[in-house]
Every structure is written in C-alpha cells, then in structure tokens.
Amino acid sequence: MKKMLLKVLLVLAVCTGVELSAQNMPLKIAVIDMNRVFQEYNKTKINEAKLKKQADIYKEYSNQLAQSLNKLRQEFVKLRDDSQNMVYTAAERENRRLNAQEKYRQTAAKEAELREYNRERQKQLRDEYEKLRSSILQDISNVVTEKCLAEGYGLVLDKSGRTLNNIPFVVYSSKMLDITDSVIKTLNMGQNKPAPEPVVKK
C-alpha cells in the first residue's frame, strides 16, 4: 500500500496555544513538508509493512478461492457437454444433466463467496488504513503544536500542498522557516526503526 499515509493536500496548522498581539508582535510563520513527514516517520513505515503483510495473506486466500472456483467451472462445463453427448445413453445423459445443475449451483455459491470475501477484506483494509492514518495525523499534530508553543509560531503551512490549480501552495519559503527535519526527528525519538525490506535477487 504505497499510497498509504503519503500526503495531506493542504494543511494549515494554527497553533491556538500561542497568543499573538498584532500591536507588539508580528505573526511568526513556519513551513513543513507533510509529504516527507509522513514518509520518514518510522511509525508510518512500520504500519505500511503490517498492512501489506495482511493484504498479502488476504490475497493468498482469495487466490485459493479463485482456484476452487475455476475447478468447479471446468467440472460444470464437462458435465454440461457430456449431458448433450449422444455417445451416452439417454439415462446417462440425464444423470450428467442433473449433476451439471448441481455443479452450477456450487459454482454460483463459490462465486458469491469469493465476491463477499474480497469485499469484506477490502473494507477491513480501508478501515484499518483510516485508523492508522488518523493516529499518525494526531501524532504529527501534537508535535507541531508543541513546537509552536515552545518556539512561538502562530501558523504552520504545508509546503507540499498544492492549490486547486495544481500550483504549489507555498511558492517560496526560506529554509530558516522549515521545521520538517525537526518534526521528523522528534516523531522518531523512541520509535522502533522499520525492518529493512528483503533484497529480491533477480
């Protein structure tokens, strides 16, 4: 699931805990690359790996159901064709016709089982994705808010966001205003590092 937790199109994080007076203190603004924060947060990578592993397990069982379905279809076709083959006696053809009807019912049931299984597992993965995404968003929001309170920022803009016209939301920002690295470092403090991906030999 590589799309998982990669980007919030537009994030305006207003630090409500910082009281600013327009008469004696200018608004202090920071920028953050939310795309990088999502990608480089260890919790994101670990959760992506867990979801991928679970998806692979679901896919394997779905493939097993699909193989069973194909076998039933082949058996149905053979029985159906045999029921029309004049090589067999009328009684044998009738017997194969009845067996073909039963095999057709089994095939239809297996098709319904496969559809329902895929639907339920896809929903389960979507729900789990949203749950993990919300958790990570909350983690990031907490760290950004704490930084705002500690350093006096009144507004944080996502420089990875784009406008409706597909133009960068933040056209220019000084590197001095960028808190991306600092936020990533804070998020990853005390976090387990994700396991390295296995090397695939070609």
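Is arginine 121 buried or exposed? In this predicted model, arginine 121 counts as buried, at 19% relative accessibility. That's a close call, because the cut-off for buried is under 20%. Its side chain meets that of glutamate 120 in a salt bridge, with 3.7 Å from N to O. Glutamate 120 itself is partly exposed, with a relative accessible area of 33%.

Two other pairs sit within helices. In helix α3 (residues 90-151), arginine 119 and glutamate 116 are 3 residues apart, so about one helical turn separates them. Their closest N and O atoms are 2.7 Å apart in a salt bridge. Arginine 119 is partly exposed at 44% relative accessibility, and glutamate 116 is partly exposed too, at 33%.

Helix α2 (residues 42-82) holds the other pair: aspartate 82 and lysine 78 lie 4 residues apart, again about one helical turn. This salt bridge brings the closest N and O atoms to 2.9 Å. Here aspartate 82 is buried, with a relative accessible area of 11%, whereas lysine 78 counts as exposed at 52%.

As for the chain as a whole, 4 helices and 3 strands run β-β-α-α-α-β-α from the N terminus on. Of its 202 residues, 31% count as buried. The accessible surface comes to about 14,100 Å², and carbon and sulfur atoms account for 54% of that. Among contacts with a separation of 6 or more, 83% link residues 24 or more positions apart.

How values were computed: Residues are numbered from 1 along each chain as its sequence is written. This is a predicted model: local features need pLDDT of at least 70, side-chain atom pairs count only at pLDDT 80 or more; totals for chains, interfaces and linings use all residues. Side-chain values use heavy atoms; hydrogens and water are left out. Buried means under 20% relative accessible area, exposed over 50%, partly exposed in between (1.4 Å probe, protein chains only). Contact means heavy atoms within 4.5 Å. Accessible areas come from the Shrake-Rupley method with a 1.4 Å probe; for residues, only the protein chains shown count as cover. A salt bridge is a side-chain nitrogen of Lys or Arg within 4 Å of a carboxyl oxygen of Asp or Glu.
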